[in-house]
Amino acid sequence: MRDVWRAARRLLRRFEIRRRRVRLLSRPAVVNIELTGRCNVKPACTFCVGKNLPTYHEPGHLSEEQLASFWPWLSGAERVNDCSYGEPLARPDFLPILDRLRAAGVFVGFTSNGLLLNEQKARFLVERGETLDLCISLNAATRETYWAHHGQDWEKLLANVRGLVAAHDRARPGQPVPLMLSFIVMQSNRHEVVPFLRLASDLGARVALLRHLFDIGIRGFTANNFGHHFDYDAETLPFAEYQAIEAEVRAMPELRAPRAGREPLAIAFAWNGRDSFIAEQAEPGVDVPCLFPWKFLSIRPLHGFVAPCVYLKRGVATPQETTVAQIWNGQVMTGLRRELKHGRVPAFCMEHGNCCPLVLEQRAAAGAPVAVP
Ligand SMILES: C[S@@+](CC[C@H](N)C(=O)[O-])C[C@H]1O[C@@H](n2cnc3c(N)ncnc32)[C@H](O)[C@@H]1O
Ligand code: SF4
Ligand code: SF4
């Protein structure tokens with residue numbers, strides 16, 4: 001019965017997208033939820049700006065009551081991602097929550113720093129590899145660079161990743177490892193992009209994700225956490241350089257060479273609108289630049305906002321538990337859909353979406369300075 005409802009909801013969503021409806025009866029297919037604000041990395045990683053600000057007060061875990069209030073949105077989705085500004089594996093009941101979602105028929109995903117991924121957790125995750133995937137943040141290909149940004153044990157991280165892949169190969173031999181490895185390309189690690197991609201391939205990841213350093217709207221941020229002077233503005237590459245790196249990587253087919261017993265490594269570029277999270281939302285035959293506002297909602301109760309995509313760091317509203325439905329069909333969301341259905345990148349996104357590939361591409365095409373993507 002549950003599957004029948006799920007299929008009906010999917011059909012309704014497809015119908016509404018094809019009709020380019022701006023007010024929706026269907027609910028988001030993908031919901032991101034922030035389950036914790038806590039992190040085991042102290043002091044924080046250099047680029048994790050919020051956690052480095054002296055005024056920042058680290059939130060705790062999302063309470064059971066709050067979780068219950070959002071549950072209908074989560075359990076009705078096709079996929080739920082944890083999107084914590086924190087470390088999901090630091091939440092003691094994180095794995096049971098994943099299981100509750102899976103029991104409701106939801107595919108789950110999350111991003112982790114990988115440092116708490118012990119053998120037991122790895123086994124739990126890979127045994128559920130059919131309906132779960134995870135992303136682990138490396139941001140380096142050497143111990144020195146990893147230390148400069150994370151101040152943590154590179155060998156331990158690699159051992160945890162290898163342990164996960166080995167546990168996976170035992171539990172699901174011949175299946176792709178549901179693992180993405182992520183690398184934020186910055187001035188200080190730019191030279192490690194290709195070594196990182198080789199490492200990701202050797203480690204057995206299914207996907208390697210190259211990401212741009214987000215424009216978080218703060219200028220002049222610096223940190224000196226691990227003996228490396230980190231200057232956010234200087235670390236951020238001009239958009240053209242991200243594009244040059246992409247061209248360089250695309251011209252190296254050996255990075256996607258066949259691997260024994262595995263598919264070749266897939267490489268994704270988060271700054272490219274045709275290759276990014278926006279492309280993941282696309283529907284065949286629907287010529288709309290971005291379908292996020294029809295299919296997705298990011299609920300961040302701990303930081304007090306709801307956002308229509310992964311790139312907008314400014315919310316469309318605050319997530320009062322009774323108002324998620326109102327937000328979904330509220331003024332901002334319907335406005336975004338209205339502009340997008342006419343092929344325009346919405347004014348709201350042009351103003352606040354400094355990390356969005358479509359905004360970056362439009363600004364670059366208009367000759368506007370996009371030195372800080
Ligand atoms: C905020 S972290 C939370 C999950 C986990 N603690 C981790 O570090 O993977 C989620 C993702 O955002 C990335 N991230 C953090 N700060 C960023 C920034 N300023 N620009 C781009 N990506 C960033 C991290 O590398 C990580 O892949
Ligand atoms: S591990 Fe993740 S949440 Fe923690 S400080 Fe680093 S980037 Fe931020
Ligand atoms: S900022 Fe706007 S156009 Fe860009 S991904 Fe988000 S909703 Fe889509």
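Which residues come nearest to ligand 1?

Analyst: Keep in mind that this is a predicted model. With that said, 16 residues sit around ligand 1, and the ones that come nearest are Phe47, Gly86, Ser137, Phe214 and Tyr232.

Two of those residues also turn up in the polar contacts. Gly86 places a backbone N or O atom 2.9 Å from a nitrogen atom of the ligand, and Phe214 does likewise with a backbone N or O atom 3.0 Å from a ligand nitrogen atom. Arg211 brings in its side chain: one of its polar atoms lies 3.3 Å from an oxygen atom of ligand 1.

If you sort the shell around ligand 1 by class, you get nine polar residues, five nonpolar ones and two charged ones. In terms of secondary structure, three strands each supply at least two residues of this shell: β3 (107-112), β5 (179-185) and β6 (207-212).

Now for the empty space. Rolling a probe the size of a water molecule over the atoms shows where it is left. Searching the whole structure turns up three cavities of 30 Å³ or more. The largest cavity holds about 130 Å³ of space. It is lined by 16 residues, and Cys290, Cys309, Leu312, Cys349 and Cys356 are the closest to its centre. Two helices, α12 (292-295) and α14 (331-341), are the elements that give two or more residues to that lining. Its class make-up is 15 nonpolar residues, one polar and no charged ones.

The second largest cavity comes in at about 50 Å³. Cys309 and Leu312 are part of its lining too, along with others including Asn32, Tyr85, Arg300 and Lys313. Here the elements that give two or more residues are strands, β10 (296-300) and β11 (305-307). β10 gives the most, with three residues. Sorted by class, this lining has eight nonpolar, two polar and two charged residues.

At the ligand, look at the backbone of Gly86 and the backbone of Phe214, then the side chain of Arg211.

Note on methods:
Residues are numbered from 1 along each chain as its sequence is written. Chains are lettered from A and ligands numbered from 1 in the order in which they are written. This is a predicted model: local features need pLDDT of at least 70, side-chain atom pairs count only at pLDDT 80 or more; totals for chains, interfaces and linings use all residues. Side-chain values use heavy atoms; hydrogens and water are left out. A residue is near a molecule or strand if one of its heavy atoms lies within 4 Å of it. A polar contact is a pair of N or O atoms within 3.5 Å; within protein, one must be able to donate a hydrogen and the other to accept it, and residues adjacent in sequence count only if both atoms are side-chain atoms. Helices (H or I, at least four residues) and strands (E, at least two) are DSSP runs, numbered from the N terminus. Ala, Val, Leu, Ile, Met, Phe, Trp, Tyr, Cys and Pro count as nonpolar, Asp, Glu, Lys and Arg as charged, and the others, Gly among them, as polar. On a 1 Å grid over the protein atoms alone, a cavity is a set of points where a 1.4 Å probe fits but cannot get out, and a pocket is an open set with protein on both sides within 12 Å along at least five of seven lines; lining residues have an atom within 4 Å of a point. Grid points are joined across faces, edges and corners, and a volume is the space filled by probe spheres set on the points.
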